[in-house]
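Keep the structure open as you go.

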Amino acid sequence: MPADTTTLKPTRHVSRAAVGGLAVALIASAAALSGCSTSSGDDSRPAPQTVVEQYLDAIADGDASTATALDAAAVATENDTTGKDTPPDLTTLRTDAVLTGADSRITDPVADDGDEAEPGADADTRRVGFSFALDGKRHTSSLVVHWDDKADTWVLQQSLTVALSVTASRSKAETELAAFSLRGLTEPIDPDPRTGPLTYLVYPGVYTVSAGFDTALLAGSADAVTVAALPTADANVDFTVSTLPSQG
C-alpha cells in the first residue's frame, strides 16, 4: 500500500512542554495496554526472570539448599498446615543429598525473555514463563514473583515442588502409607499408616523409590519403582502386597 502523503497544516504553535507531556501520556497508555507498569518498570531493578533463573539453575545443579532458600515463603504459603490432621512433609526430601541422588534432574532450564502482569495483583507482581528438559521431554510452566521493597529483590510466590506419596495396597479397599527409601537418605522413611505424613515434597526429577518394608510381602511388584516427579501432577508410587506391612 502506498504511504499516506497527506500533509496537515499546523493550526497553532505547540510548546515543547506540551509535546513532552503528550509523550509521557502516550508511554503510560502503551504500558497499561501491554500489561506493563511504569511504577514496576524501575530500571534499577533486576528483571523478574532473575530469581526464576536462579531457582531453576539450583534445581538443575542439585543445589537444594539454594532452592529451599529461594522458595521457603512460597512453600509455606502453598502448604498451609493450619487445621490439617496429616500435614505434608516439606523438608525431608528437599535436600542436596536426595536431589543429587535422583536418577535425573531437570536440564537446560530457560526463563522467557518477557513477563506478564498477574491478573488481580498489583503492579509489582509478575508471571514468568520458563521451560526445562526432563525424562526425555521438554516441559513448560510459569511462576509468579513479587518485588519485595524491604529485601530489594524479586521473591517467588510459587514453588516448583511436587508432592510424592508412597503406599502399599492389598486391594483397592486395603491400602496404607508405606515405608520407602530414596538415594540420598541415610535410612528409610517410615510414616505412621494412620497419621502420615501423606505426602513428601520433592523437586522435579526422576527418582527410584525403594520399598522400605519387608519385601517378602510384595506380590508381583518390584521392590523399587522409578517415578518422574513433574510439576503438572502429584507423583504416586504404590506397591502391591500380599499382606499390608502394618499387619505383616
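**Exercise 1.** How many aromatic pairs does the count come to?

Solution. The model is predicted. Rings pair if their centres lie within 6.5 Å. By this rule, the count is five aromatic pairs.

**Exercise 2.** Classify the pair W147 and W154: which class do the ring planes give?

Solution. Step one: take the distance. The ring centres of W147 and W154 are 5.4 Å apart. Step two: take the angle. The planes of W147 and W154 stand at 75 degrees. Step three: apply the cut-off. Planes over 60 degrees apart count as edge-to-face, so W147 and W154 form an edge-to-face pair.

**Exercise 3.** Decide for W147 and for W154: buried or exposed?

Solution. Buried means under 20% relative accessible area. W147 has 5% relative accessibility, so W147 counts as buried. W154 has 6%, so W154 counts as buried too.

**Exercise 4.** Describe the pair F213 and F239, and find what it ties together.

Solution. Start with the geometry. The ring centres of F213 and F239 are 5.8 Å apart and the planes are at 80 degrees, so this pair is edge-to-face. Now locate the residues. F213 lies in the loop between β11 (205-211) and β12 (224-229). F239 lies in strand β13 (residues 235-240). The pair therefore ties together parts that are 26 residues apart in sequence. Both F213 and F239 are buried.

**Exercise 5.** Which residues have the most contacts inside the largest nonpolar core?

Solution. This core has 50 residues. V52, L164, F180, Y207 and F213 have the most contacts inside it. Helix α2 (residues 49-60) gives the largest share of the core, seven residues. Now take V52. Leaving out residues up to four places away in sequence, V52 touches A111, V128, F130, V145 and L156.

Methods:
Residues are numbered from 1 along each chain as its sequence is written. This is a predicted model: local features need pLDDT of at least 70, side-chain atom pairs count only at pLDDT 80 or more; totals for chains, interfaces and linings use all residues. Side-chain values use heavy atoms; hydrogens and water are left out. Rings of Phe, Tyr and Trp (its six-membered ring) pair if their centres lie within 6.5 Å; planes under 30 degrees apart count as stacked, over 60 as edge-to-face and the rest as tilted. Buried means under 20% relative accessible area, exposed over 50%, partly exposed in between (1.4 Å probe, protein chains only). Helices (H or I, at least four residues) and strands (E, at least two) are DSSP runs, numbered from the N terminus. A nonpolar core is a set of buried Ala, Val, Leu, Ile, Met, Phe, Trp, Tyr and Cys residues joined through side-chain atoms within 4.5 Å. Contact means heavy atoms within 4.5 Å.
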